[in-house]
Amino acid sequence: MDFDLTEEQSILKDSLDRLLNEHYGFEQRRRIMAAPEGFSAEMWSRYAEMGLMALPFSEEDGGLGGTPVETMIVMEAFGKVLALEPYWPTVVLGGALIRFGGDDAQRAELVPAVAEGALKLAFAQGERNSRWDLNHVETSATKDGAGWRISGRKFAVLGGDSADRFFVTARTAGSARDDGGIGVFLVDAKAKGVSVRGYRMQDGQGGAEVTFDNVPVGADAVFGDPEGGLALARRAVDAGIAALCAEAVGAMGAMHALTVDYLKVRKQFGVAIGQFQVLQHKAVDMFVATEQARSMAFYATSMADSDDAAERAAAIHAAKAEIGRGGRLCGENAVQLHGGVGMTDEYAVGHYFKRVTAIDMTFGDADHHLRALAARGGLFQAA
Amino acid sequence: MDLRYSKEEQAFRDEVRTFLAENLPEDIRRRMIDGDYGNKDDLVTWSRILNAKGWAVPHWPKEYGGTGWDPMRQYIFLEETQKWPAPQPLPFGVNMVGPVIYTFGNEAQKAHYLPRIANLDDWWCQGFSEPGAGSDLASLRTRAVRDGDHYVVNGQKTWTTLAQYADWIFCLVRTDAQAKKQEGISFLLIDMKTPGIEVRPIVTIDGGREINEVFFTDVRVPAENLVGEENRGWDYAKFLLGNERTNIARVGVSKQRIARIRELASLEFSGGRPLIEDERFREKLAAVEIELKALELTQLRVVAADARRGKTGRPDPASSILKIKGSEIQQATTHLMMQVMGPHALPYHSHDFDGTNEPPIEPDYAGSAAPHYFNYRKVSIYGGSNEIQKNIIAKAVLGL
C-alpha cells in the first residue's frame with residue numbers, strides 16, 4: 001500500500017500547478033468569469049496541449065492511458081484555483097461515458113476529438129422530479145425506423161451552456177422510476193429540436209436547461225444497451241463523483257490556507273486574532289475535515305474505475321457523504337473566521353465556499369449518499 | 001498510489017488470523033466480545049502466549065524483543081488483534097515505559113525491565129497526573145529529594161489507571177524546585193511494594209474501579225531507578241506521549257464495535273422490526289462508519305509514510321488528528337451500542353464489578369452498554385484532552 005505519486009504523476013502535478021499559478025490567480029479568474037462564455041478558451045487550449053484532455057482514455061483509443069489518480073491530480077489542482085473550464089463534464093464525466101459505454105466506432109470518433117480539445121460534452125441527466133436518482137427518467141426515446149426520437153427536459157446540466165454534444169438519459173421502456181428501460185444517447189447540441197437555455201450556476205460554472213423536442217437521432221447514437229443504460233450512467237457518475245471529491249479537497253485546502261493566513265495577519269484587541277483559542281480550534285476543525293476528506297478522495301479514486309459495482313458504490317457513497325459534510329464545515333467556518341471580509345464577492349474565500357457547496361449539491365448531497373450507504377448495509381461487516 | 005495491500009501483506013494478515021484462531025482461548029475472546037476488557041488474568045494469559053510466539057512487543061527494536069516488522073505489518077497485526085478481538089497489551093508497559101527505557105535507560109535497566117515488560121511479569125502503571133497537574137502536566141509537585149543512594153519521594157499522583165494491579169509505577173517527579181517548571185523534572189521507576197505507597201480507588205461514573213490515587217510518603221527509591229539524566233524527565237515524557245501514532249486511533253477496536261453493533265441491532269427490535277432496518281438508526285451508524293473509514297485511511301497514510309521514511313522521520317501532519325477523530329469515533333460507537341440496547345441498557349449489572357454469584361440480568365450482553373458509554377468519555381480526556389490536541393495542532397501544524 002502506498003499513497004505516493006509516480007514520477008510522471010508528480011511531473012503532471014507540478015506542471016499543472018505551475019500553469020495555474022501563473023494564469024489562474026483570483027483576479028485573473030474574475031476576468032475569465034466576467035467574459036460572456038464564462039471560461040477561458042486559451043486555458044482550454046493549454047490543457048489540451050498538456051494532454052489533460054487525453055488523460056483518461058486508453059492508448060489504443062488515442063488517449064494517454066491515465067488512471068483515476070491522474071484525474072484526481074488534475075481535479076485537485078482545478079479545485080485549488082476554482083478553474084471554470086468545462087473539463088469535468090467533458091473529459092471526466094463525458095469521458096467515462098465514452099470509455100465505459102462507447103463501442104469501437106464511437107470511441108474512434110469521439111476520443112480524438114475530446115483529446116485535442118475540439119469537442120465539449122455534457123451529461124443531460126437530471127429532471128424536474130428526479131432529484132439525484134439516476135433511475136428517475138421521464139424523458140422518452142421512442143423507436144423511429146432504425147433510430148430514435150427523444151423528447152423531454154433536463155435540468156441543471158453542468159457544462160450544458162457550452163457543450164457541443166449531450167449525453168442524454170432517456171426512457172426506452174417501462175415507467176418513470178424503473179431501473180430497466182433507460183438508454184444513454186449522444187445528441188448534437190445543434191440538432192433540430194434541441195434548445196439550450198444556458199446560465200451560470202451559483203459557483204460561476206456554466207450550466208443549462210436543455211429541452212429535447214422530438215429530436216431524431218440515428219441508431220449509432222445509443223451507447224451500450226438501449227434498455228440497460230442505467231449501469232453505464234451509474235458507473236460514469238461514480239467516476240465523476242470521485243473526481244469531484246478531489247476537486248473539493250483542492251478547494252478545502254486552499255480556503256483553509258487562506259483562513260489560517262488571515263488569522264495570522266488580522267489584528268483586533270491589539271493581537272493577531274489567531275491568538276484566540278476559540279478561533280484556533282475552528283481552524284483545527286477545518287484542518288481535520290480537510291485531511292479526512294483527502295483520505296476519502298484517495299479512497300474514491302482507488303475505487304473509481306473498479307468493475308465491482310457494489311464495492312465501488314459503497315466507496316463513492318462514503319466519500320461523497322464525507323466530503324459533503326466536511327466541505328460544508330470547512331466552507332462555513334472559512335467565511336465565519338474571515339468575518340465581514342468573508343462575505344464579500346471580491347475576496348476569494350466565498351467563492352471556494354460556493355464551489356464546495358455546489359459540489360455537495362451535484363450528484364447527491366451528504367444526506368443522499370449517507371442514506372444510500374446505510375440502505376445497502378454500511379461499510380464494515382463482521383469478520 | 002495503490003491502496004491495496006500487497007500479496008505479502010495479505011499473507012501476513014492470514015498468518016495473524018490463523019495464530020489468533022489457534023491460540024487465543026475462546027473464553028477470553030467471548031469476554032472481549034461481551035465488553036469485559038479489564039480482566040487482568042486474561043491479559044496476563046494472552047500476553048504470555050504472544051511473548052512465547054515472539055509477538056508481545058512487535059514495535060520494539062529487534063535487539064529488545066521486537067519482531068522487525070515494518071510499520072504496515074505492525075499495523076495489520078494490531079488491527080487483526082483488535083478486530084478478533086483479543087485483549088490489548090497493557091499500554092503502560094509495552095507502549096510507554098518500555099520505549100523510554102530502551103531509548104534513554106542504561107544497560108542494566110534494559111536488561112532487567114524489558115523482558116519482564118514483554119512477558120507481563122511486571123504490571124506497570126503511569127504516575128504523571130496530579131490533582132493540580134492535568135493538562136498543565138509540567139506544574140506537577142510530587143518531589144524527589146536525593147538522600148545518599150536514594151531519592152525520597154513525597155506527593156500524590158492521580159487518575160492512575162489499574163494501579164491496583166501494579167507492580168511498578170513510572171513517575172514524573174520534581175527534582176529541582178528552583179528550575180523552570182519543565183526543567184526540574186525527572187523520570188523515576190518505583191516499586192509499588194516500597195513502604196510509604198498507598199493506593200486508593202476512585203470509583204468512576206460507570207461504577208467501575210479502573211483509576212486510583214497513589215500517595216507517596218517518604219518513599220525511598222534507589223537512585224539507580226532514575227531513567228536517563230536528572231532533570232531531563234520532561235523530554236522523556238514528551239517522547240513517551242508523542243511516540244505512539246500507530247495505535248492511538250484504535251481503528252480495529254472501532255471496526256469490531258461496529259460489527260458487533262450491527263449484529264446486535266439485528267437482534268433488538270424497534271417498531272416491530274429489527275433496529276438495523278430503522279432508517280434513523282442505520283444512517284447514524286453509517287455516518288460513524290464513514291468517519292471511521294476516513295480515519296482508517298488517514299491512519300494508513302501515516303503508517304505508509306512511516307514505512308517509507310523510517311520511524312525517525314517527522315510524523316505526517318495527519319498523525320495529529322488521529323487522537324481527536326479516534327476518540328470521537330470510539331465514543332460514538334459506545335453511544336450507538338447503548339441505543340441498540342434501549343431500555344435493557346438501564347439495569348446496573350453490579351456482578352460485572354463485584355464478583356457476586358447472582359444470576360445475570362437478561363439480556364446479559366446489555367450490561368456493559370451504558371457503563372461503556374459513561375466510561376468512554378475518558379478517551380477524549382486522557383493522554384492530552386482533545387482541546388489540548390487542538391492547541392497542539394494550531395501551534396505545531398497551523399503555526400498559530
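## Helix α8 of chain B

In this predicted model, helix α8(B) is mostly covered, since 11 of its 15 residues are buried. Those buried residues run from Val251(B), Gly252(B), Val253(B), Ser254(B), Lys255(B), Gln256(B), Arg257(B) and Ile258(B) on to Ile261(B), Arg262(B) and Ala265(B). The elements of chain B against which the buried residues of α8(B) pack are α4 (71-83), β10 (273-274), α9 (279-309) and α10 (322-341).

The length of this helix, which covers residues 251-265 of chain B, can be checked against expectation: at 1.5 Å a residue its 15 residues should span 21 Å, and the end C-alpha atoms are 21 Å apart, so the two values agree.

## Domains of chain A

For chain A, the domain assignment gives domain 1 (7-120), domain 2 (122-227) and domain 3 (231-375). The centres of domain 1 and domain 3 of chain A, taken over C-alpha atoms, are separated by 22 Å, and 19 residues of domain 1 are in contact with 23 residues of domain 3.

On the side of domain 1 of chain A that touches domain 3 of chain A, α4 (68-81) and α5 (87-101) each supply at least two residues, with α4(A) giving the largest share, 10 residues.

## Ala231 of chain A

Ala231(A) lies in helix α7 of chain A, which comprises residues 229-265. Because 17 other C-beta atoms lie within 10 Å, Ala231(A) is classed as partly exposed, a residue being called buried when that count is 20 or more and exposed when it is 12 or fewer. The C-alpha atom of Ala231(A) is 22 Å from that of Gly147(A), and the two residues are 84 residues apart along the chain.

How values were computed: Residues numbered from 1 in each chain as written. Chains lettered and ligands numbered in written order. Predicted model: local features only at pLDDT ≥ 70, side-chain atom pairs only at ≥ 80, totals over all residues. Domains from an automatic or database assignment. Contact = placed C-beta atoms within 7 Å. Helix = DSSP H or I, 4+ residues; strand = E, 2+ residues; numbered from the N terminus. Expected span 1.5 Å × (residues − 1).
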